[in-house]
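Below are some notes for reading this model. Please keep the structure in view while going through them.

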Amino acid sequence: MLDICCIGHITLDKIVTPAQEVYMPGGTSFYFSYGINSLFQSEKASGCQHRLSYKLVTSLAESEMNAVKDMRGRGIDVEVIPSRYTVNFENIYGENQNERKQRVRHKADPFTVEKLKEVEARYIVLGTLLPDDFSLDVIKYLHTRGTLVVDAQGFLRDVRGEEVYPIDWDEKREALKYVDVLKVNEYEAEVLTGESDLHKAAQQLADWGVKEVLLSLGSFGSIILADGVFYDIPAFQPLLLVDATGCGDTYTMGYIYRRAQGATVEEAGRFAAAVSTIKLEHSGPFSSSYHRAMELVRQNTK
C-alpha cells in the first residue's frame with residue numbers, strides 16, 4: 001500500500017506580488033508533490049533506506065501536460081485523469097503576504113468515485129481548490145481507503161463569473177464525520193463554526209468528527225487539536241519574504257510527511273512550520289532539504 005496519495009487538480013496560475021509577476025503551474029497537488037519530492041530526494045541523498053512511497057492523482061487539460069511531464073522527470077509518480085479544462089487562478093498579493101485576492105479563469109472537471117476506484121493509501125490528501133472538486137460521495141468513499149486529509153479552503157469558495165467569493169460549506173456537518181485531518185486558517189475556522197475564539201472553533205470542528213485539526217495562523221504560527229490536546233506551534237522567522245503562495249499546502253505536506261514517518265503531533269507541527277517558513281523565501285514549491293527543515297526546528301526548540 002502507498003504511504004501517501006494526493007488527489008487534486010494542477011492549476012495554471014498567475015501570481016502577482018509587489019515585487020514580481022509570475023506565471024506557473026500551481027494548486028495544492030502541485031505544491032504538495034514537489035515539496036514532498038524534495039524531502040524524498042534529500043533523504044535519499046543522505047542514505048535513508050526507508051523512503052515513503054507517494055503518488056499524485058491529478059486532472060488537467062492536454063494543453064498543460066508539460067507540467068506533468070516535468071513532474072515525472074523529477075521522479076514523481078503521477079496518474080492523470082483527463083479534463084476538458086485546467087483550473088486557472090490569478091493570485092494577487094499586497095505588502096501583507098497573509099492576504100490575497102483571487103480570480104478563476106477556468107474550472108476543471110470534478111473528481112468522481114468511479115475515477116478514483118483504485119486509490120488506496122495510508123494517508124489520502126485532497127487538494128481541494130473549488131467546492132465541486134470532490135462531492136460528499138467521494139469524501140465518504142475515500143474515507144474507507146485511508147486516513148483522509150482535507151484542506152477546507154476549496155469548499156469555502158464560490159466562483160461567480162471570474163470572481164471568488166467566500167461561502168460556508170453547506171455539507172460540512174455530514175462531510176466532517178469522514179475527515180480525519182482538517183487544515184484551516186483562522187478565517188476558514190470562523191466561517192465553518194461561527195466562533196472567533198480559535199480554540200473554541202477547533203474544538204467545534206473536533207466535535208463534528210475531525211480527529212486532527214490543523215489551524216494555521218500564517219506568520220502567527222498554528223494551533224493543532226488532536227485527541228483533546230491543544231498544541232501551540234510557533235512560526236519561525238524566514239530569511240526573507242518572497243511569495244506566500246502554497247505555504248498552507250506546504251504546511252500540510254510537512255505535517256503529513258512527518259506523521260507518516262511516525263512523528264508525534266507536536267513534532268509534525270513544528271516540522272510543518274519549518275518547511276512552510278523555508279518555502280516563503282522563494283516563489284514556487286518547497287525545494288530545500290529535510291535536514292535544513294529539521295535544523296530550523298532544532299534552532300527554534302527551547
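**Notes on a helix and a strand**

1. Lys-140 lies in helix α3; helices (H or I, at least four residues) and strands (E, at least two) are DSSP runs, numbered from the N terminus. This is a predicted model, in which local features need pLDDT of at least 70, side-chain atom pairs count only at pLDDT 80 or more, and totals for chains, interfaces and linings use all residues. Residues are numbered from 1 along each chain as its sequence is written, and side-chain values use heavy atoms, with hydrogens and water left out.

2. Lys-140 counts as partly exposed because its relative accessibility is 29% (buried is under 20% relative accessible area, exposed over 50%, partly exposed in between, with a 1.4 Å probe and protein chains only). Leaving aside residues up to four places away in sequence, Lys-140 touches Glu-174 and Tyr-178 (contact means heavy atoms within 4.5 Å). Lys-140 and Leu-176 are 36 residues apart in sequence, and their C-alpha atoms are 9.6 Å apart in space.

3. Which residues of α3 (residues 136–143) are buried? They are Leu-136, Val-138, Ile-139, Tyr-141 and Leu-142. These buried residues pack against β1 (2–8), β8 (121–127), β9 (147–151) and α4 (172–175).

4. Strand β6 (residues 87–93) is mostly covered, with six of its seven residues buried. β6 runs parallel to strand β2 (residues 11–16), joined by six bridges (strands pair if DSSP finds at least two bridges between them). Val-16 has Ile-92 of β6 as its bridge partner.

5. β6 also pairs with strand β7 (residues 100–106), in the antiparallel sense and over six bridges. Here Glu-90 has Arg-103 of β7 as its bridge partner.
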